[in-house]
Amino acid sequence: MPEGDNVYQAARRMHAALAGKRLAASDFRVPAFATLDLSGWTVLEVVSRGKHLLHRLAPPGPDGAAAPGPEGRLSIHSHLSMEGSWQVYAPGERWRKPAHTARAALTAEDGTSAVGFSLGMLEVIATAEEGDAVGHLGPDLLGPDWDPARAEANLRAQPERAVGLALLDQRNLAGVGNIYRCELCFLARVHPATPVGDVPDLPGMVATAKRLLEANKARSRNTVGGFGPRNGTWVYGRTGQPCLRCRTRIRHGTLAEPVPGTGTRLGDTRERDIYYCPSCQPLR
């Protein structure tokens, strides 16, 4: 699953390629918007909000240029989920992914295009209603609304919840995915199943999350951003390999939480892989 810095990078690439340009064509390959035609609309900006992407567009005015004022503006709201991606193409460039996986294609008048493949979610909404789509998210680690005190308070609101689950809950803070979840727990020397209330330095963990995403937002791949091994991770994906601190074998497991009273798994926090060092991160 893409992390918040990957989504931030995708937004930056598309903003650089499309912002200020009018669309020559749009192609939405989802039933609800299959007939929507945004030809003539101007891309105002492309921004990320946690792991969500927003293309904001203005309708054409009487002279064909973008209509002034916020009235009538639309936003293309998408989420990459596990397999999705947005790619930018130069005029005439062939797509690098199968056409049948494309869910949206936006082509500017100069031939530059952005194509969304295997998107987990895609909708077109009024820009004025973006709050209904992303207003539930906590402070964005890479956004102008970042507020570490609010993020910490959100996490502490459920002190008995496993920190490895709380970090993935985008309602607490937006942008942490499974790689960073595992790395943050290792750097804090806590097992991912440790209750939030038992984490010795929760403000430090929140601050490290911010530094990790900031360090990686301009990189081509996720690393621990100066916090550990060169061009790699401490624990994520390293099952059976020696811990780079203590040489104990890294373990792999899964972590989920039951719905109270049912014994079943909670739908929005499904079972996910965890990687940890049993020596550096004992579960007390």
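Colleague: What makes arginine 245 count as lying over the face of tryptophan 234?

Modeller: Arginine 245 is 5.6 Å from the ring centre of tryptophan 234, and a charge sits over a ring if NZ of Lys or CZ of Arg is within 6 Å of the ring centre and within 35 degrees of the ring normal. The model is a predicted one, in which local features need pLDDT of at least 70 and side-chain atom pairs count only at pLDDT 80 or more, while totals for chains, interfaces and linings use all residues. Residues are numbered from 1 along each chain as its sequence is written, and side-chain values use heavy atoms, with hydrogens and water left out.

Colleague: How many aromatic pairs does a search of the whole structure find?

Modeller: The search finds three. One of them joins tryptophan 95 and phenylalanine 117.

Colleague: Why is the pair of tryptophan 95 and phenylalanine 117 called edge-to-face?

Modeller: The centres are 5.7 Å apart and the planes make 85°; rings of Phe, Tyr and Trp (its six-membered ring) pair if their centres lie within 6.5 Å, and planes under 30 degrees apart count as stacked, over 60 as edge-to-face and the rest as tilted. The pair therefore ties together parts 22 residues apart in sequence, with tryptophan 95 in the loop between strand E5 (85-89) and strand E6 (102-108) and phenylalanine 117 in strand E7 (residues 113-117). Helices (H or I, at least four residues) and strands (E, at least two) are DSSP runs, numbered from the N terminus.

Colleague: How do you know whether phenylalanine 117 is buried or exposed?

Modeller: Phenylalanine 117 has 1% relative accessibility and counts as buried, whereas tryptophan 95, at 30%, is partly exposed. Buried means under 20% relative accessible area, exposed over 50%, and partly exposed in between (1.4 Å probe, protein chains only).

Colleague: What makes the contact between the side chains of aspartate 5 and tyrosine 180 a polar one?

Modeller: The contact is 2.5 Å; a polar contact is a pair of N or O atoms within 3.5 Å, where within protein one must be able to donate a hydrogen and the other to accept it, and residues adjacent in sequence count only if both atoms are side-chain atoms. Aspartate 5 lies in helix H1 (residues 4-18) and is buried, with a relative accessible area of 0%.

Colleague: Which residues touch the most other members of the largest nonpolar core?

Modeller: Among them are Phe28, Leu38 and Trp86, in a core of 27 residues. A nonpolar core is a set of buried Ala, Val, Leu, Ile, Met, Phe, Trp, Tyr and Cys residues joined through side-chain atoms within 4.5 Å. H1 gives the most to this core, with six residues.
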